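Hello,

Here is the structure for you to look over. My notes follow below it.

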Amino acid sequence: MRKPLVAGNWKMNGTSASNQSLLAEILASAADFSDVDVAIFPPAVYVHQVQQALTGTGLHWGTQNVSSYIDGAYTGEVSAAMISDFDCEYTLIGHSERRCLYDELDLDQLVLDQLVAEKYEMAASSGLTPIICIGESPQEHDQGQTEEVVVRLLDTLLAYQGAKALSRTVLAYEPVWAIGTGKSASPEWAQNVHQFMRERVAKHCPKTAENLRILYGGSVKGNNAASLFSKPDIDGGLIGGASLIADEFVAICRAAAKQI
Ligand code: PEP
């Protein structure tokens, strides 16, 4: 039985004061989260604040990105070792907002997938659990290329490290057309893609595939979480906008906990 995971990606939002009250409101419901892993992904400058607030509570935390380098002259980057230094358990890798908007802009898709695989390697070697984001763009979606996009990144990862390495990994299916749009994938659509991903990994290692947590991300809210999480291959969610609203986020965590 896979324990569900709900990951709250705060993106570039928050202040020390607003974080403090958001965390306090979430923690007030933490007793309901015993059957679900809950993790918070603040901006890097607030990781220490989150560490202080969540240590000893049973909740987890991580970063929104990790460098593919160990250390050195990489201004603005944060290394896997630095992330571990703040007791992070997780790091997001390959979020579409990084792939599309920032330093990863000029790279072609295959190089980008390779960069994700390099970051994966760096995170895993520092003892972090990478949450690797995979998903098709609106254009790829319209052209029916979802499986092709998913396979390309999965095969790059498998070629780098082999299927066994995925046993310390979480995958997140995040269709780009659903992120921040209010237009979630239907539970049926998401289930089909998740099942496809699991079967792809199972071809290499059935046991790893069976234990692999695959999250869904893209406009998950308190009112659609339960139907998404009721699907057999959806093991929780990666939550953006709704993770900034305590009531919404708590409702999503409760919906995931009920699936056990
Ligand atoms: C995300 O940022 O990964 C995400 C899924 O955002 P939202 O929930 O706002 O669609």
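In this predicted model, a polar backbone atom of G240 sits 2.8 Å from an oxygen atom of the ligand. S219 also uses its backbone: one of its N or O atoms lies 2.8 Å from a ligand oxygen. H95 uses its side chain instead, with an N or O atom 2.8 Å from an oxygen of the ligand. Taken alone, the ligand exposes 290 Å², and the protein buries 98% of that.

The shell around the ligand has 14 residues; K11, H95, E174, G180 and S219 come nearest. By class, the shell splits into 8 polar, 4 nonpolar and 2 charged residues.

Next, the cysteines. The disulfide count is 0. The cut-off for a disulfide is 2.5 Å between the sulfur atoms. Both residues are inside by the numbers. C88 counts as buried because its relative accessible area is 7%, under the 20% limit. C133 is buried too, at 3%.

Now the charged pairs. The model has 11 salt bridges. Three of them are described here, each with its place in the chain.

- D37 and K3 meet through their side chains, N to O, at 3.2 Å. D37 is in strand β2 (residues 37-41), and K3 is in the segment before β1 (5-9), 34 residues apart. D37 is buried at 12% relative accessible area, whereas K3 is partly exposed at 34%.
- R254 and D32 form a salt bridge with an N to O distance of 2.6 Å. This pair spans 222 residues: R254 is in helix α11 (residues 246-257), and D32 is in the loop between α1 (16-27) and β2. R254 is partly exposed, at 34% relative accessibility. D32 is partly exposed, with a relative accessible area of 34%.
- K231 pairs with E188, the closest N and O atoms being 3.7 Å apart. K231 lies in the loop between α10 (225-229) and β8 (236-239), while E188 is in helix α8 (residues 187-202), 43 residues apart. K231 is partly exposed at 22%. E188 is partly exposed at 45%.

Best wishes

Key
Residues numbered from 1 in each chain as written. Predicted model: local features only at pLDDT ≥ 70, side-chain atom pairs only at ≥ 80, totals over all residues. Heavy atoms only, no water. Near = heavy atom within 4 Å. Polar contact = N/O pair within 3.5 Å; in protein donor to acceptor, adjacent residues only side chain to side chain. Areas by Shrake-Rupley, 256 points an atom, 1.4 Å probe, with all protein chains shown as cover. Nonpolar A, V, L, I, M, F, W, Y, C, P; charged D, E, K, R; others polar. Buried < 20%, exposed > 50% of the residue type's maximum accessible area, 1.4 Å probe, protein only. Salt bridge = Lys/Arg side-chain N within 4 Å of Asp/Glu carboxyl O. Helix = DSSP H or I, 4+ residues; strand = E, 2+ residues; numbered from the N terminus.
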